[in-house]
Amino acid sequence: MSTPLVMFLVFIAITLGITYWASKRSAGSSAYFAASRRVTGWQNGIAVAGDYMSAASFLGIAGIIAFQGYDGFLFSVGWLVAYLTVLLVVAEPLRNAGKYTMADVLAYRLKPRPVRAMASLSTLTVSTFYMIAQMVGAGALVALLLKNSGISYQTAVIGVGILMIVYVVFGGMLATTWVQIIKAILLMGGTILLSILVLAHFGFHFGAFFDAVGHVTYHDKGQEVVKDFLQPGLRYKPPYGPLDLISLGMALIFGTAGLPHILVRFYTVPDAKTARMSVVWAMVLIGSFYIMTTFLGFGAATIVGRDFISTHGGTNMSAPLLAQALAGDVFFAFISAIAFATILAVVAGLTISASTSFSHDFWTNVIHRGVERKPGEEVLVARIAAFVVGAVAIFIAILLGPTANVAFLVALAFAVAASANLPVIVLSIFWKRFNTAGAVVGLGAGLIASIGLIMVSPSLMGVDPPTVVGTARHLFQRPAIFPLENPGILSIPLGFLGAFVGTLLSHEPTAESKFNELLVRSNTGLGAEKAAAH
Amino acid sequence: MPLEVKTQPSPATEWDRVANSSQFKDLMATKKVFIVPAFVFFLVYYFALPVLVGYAPHFMAIKVIGNINLAYLFALSQFFMAWTVAWLYVKAAGDFDKLARDIVEKSENNSKGGQ
């Protein structure tokens, strides 16, 4: 058995043990959906970091910096600074006024059924897109890492899918939380070790490291090129690059505070103060991690080199190959196992937020008008939904195959979160006049604008040479209509505009008269959901 | 249900009573004094990065220490900016918590008395 496989199996054994332990403590809605609201501040902080630092951050960001230098580091910056929106605007009101999902906050003032139906649709859209991107990435990665063990892409996708279903269906939010915590600690540990090894390679001399980053040599179309990787502009080139960069920044800054799998985490803590402290803990971890992507990405560019990475699995393999170059096969196996743990934990987090929204928002509150017909129905429906969501993600990931162009799905998830979810959350908390029509039109406009603009963007439209085959090809073989990869700069204002226009075109006195209730609840915690007793 | 609770001599519900109390208005004002400037400051500071990198790349390429340029230092400073704003917010939020606790206690005593 290969070393990576052994390490994967150890991680799987530990997490299944946790799931078994958690399964005995997950009876009842509050236990299953919100870990009985007894997660502590630091635990939830680490879990938020775990939910957030996906394979896109660990493998993707190291690869983008290794290939496109400084411009890749700008992702790292946005991913942390975005947490200020979560901290200052969203986390505490959400904990104070909600129960299990983001729609709970909207449903206080507005007509619950239309608002929950739209919010649930938006949550399922964000989670499913994000999950498919993770699953395709996971399958390709695991197959590559374990190629000596004879594990194929299909086996890897099915394996990841089944594990995530087991965590969520049996262990609920408690197991998902602890899987995140273990994964986040592993990821931080691995990243710190890699960073120290990179610095040691340069004799712990920062000057020498940054000098090397100034002269990165690689081959482009057979020509040897030397580039300063600290210079901006290797990825975002004129004429549209700068605008795309701003648009990306908007999607990150406003989208993070609308990501359903991050928002549900604030319901697992006892009160708003703990929610606040958990954001701060998350910011310490996430910030330290993204600063270290400097060493991961630039280290891979200088020590391993673009040429070698390109022929040994491509950009996503930058971090594992760096580990191999610095400390050999066992460390390569360790970093690979961390990457695997990262993906598993993130898909589990996405699955539980999607299934919670389906069960709590759509099943109980939209279809059955807020009445649980028999005790335990809400949890049962969520478990079935988790199973279905997992099965659908496995099916689509296998259908698309390992070479599918799926990177845009993550951008799409952030764009939908920023354009559909955030405007209605913010307006519901801060604008007295806001009403049901505003929420429904705002969610709809944000959703349609994000998806529509991505459909006609360079991510899905473009003319490929005949050497590109299958699902790696652009969906529409025509020049792109919308020039930016990130629709945020247009779709976020459209989301807000929809919410404004919808509000102004209708009148809803009950929504206005209940504004005081939401205002007091969200700012004081009066009447907030309590933690379960010991 | 009355729309303009402010003009009502006896507010319709306990929520309206709390919302119109001077203590609650005090809490909202205290929060606003910190959160609005902090939010505006961090947005301006953050978006200065993509704007400068995108539209003034040559300026941002100026080397400051060895090979380290303005672009990298400004990007790095964003992390410390975010941590500092978060730390200041936690300090300020201690006051919010105190004000909020008073309001909650008073309201819970009220409703006990009323029942």
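**Two helices, two chains**

Analyst: Let's start with a pair: α5(A) and α2(B) are roughly antiparallel to each other, a label for angles over 145 degrees, with under 35 being roughly parallel, 65 to 115 roughly perpendicular and the rest oblique. This is a predicted model, where local features need pLDDT of at least 70, side-chain atom pairs count only at pLDDT 80 or more, and totals for chains, interfaces and linings use all residues. Residues are numbered from 1 along each chain as its sequence is written, and chains are lettered from A and ligands numbered from 1 in the order in which they are written.

User: At what angle do the axes of α5(A) and α2(B) cross?
Analyst: Roughly 170°, and the axes come within 12 Å; α5 of chain A covers residues 70-81. Helices here are DSSP runs of H or I with at least four residues, and strands are E runs of at least two, numbered from the N terminus.

User: Which residues make the contact?
Analyst: From α5(A) you have A:L74, A:V77 and A:V81, and from α2(B) there are B:F42, B:Y46, B:L49, B:P50 and B:V53. Being in contact means that the C-beta atoms, placed from the backbone, lie within 7 Å. By class that's 8 nonpolar, no polar and no charged residues. Nonpolar means Ala, Val, Leu, Ile, Met, Phe, Trp, Tyr, Cys and Pro; charged means Asp, Glu, Lys and Arg; the others, Gly among them, are polar.

User: And how many residues does each chain give to the whole contact?
Analyst: Chain B gives 46 residues and chain A gives 44. On the chain B side, α4(B) gives the most, with 17 residues. That side divides into 38 nonpolar, 6 polar and 2 charged.

User: Switching topic: how many helices and strands are in chain B?
Analyst: Chain B has 4 helices and 2 strands, in the order α-α-α-β-β-α from the N terminus.

User: What does chain B average for pLDDT?
Analyst: The average is 86, and 86% of the residues score at least 70; pLDDT is the predictor's confidence in each residue, from 0 to 100. Over residues 1-11 of chain B, though, pLDDT stays under 50. Where pLDDT is low, the predicted coordinates should not be read in detail.

User: What are the ipTM and pTM?
Analyst: Both ipTM and pTM come out at 0.91.

Key:
Contact = placed C-beta atoms within 7 Å. Axes fitted to C-alpha atoms, helices over the stretch in contact; angles between N-to-C directions.
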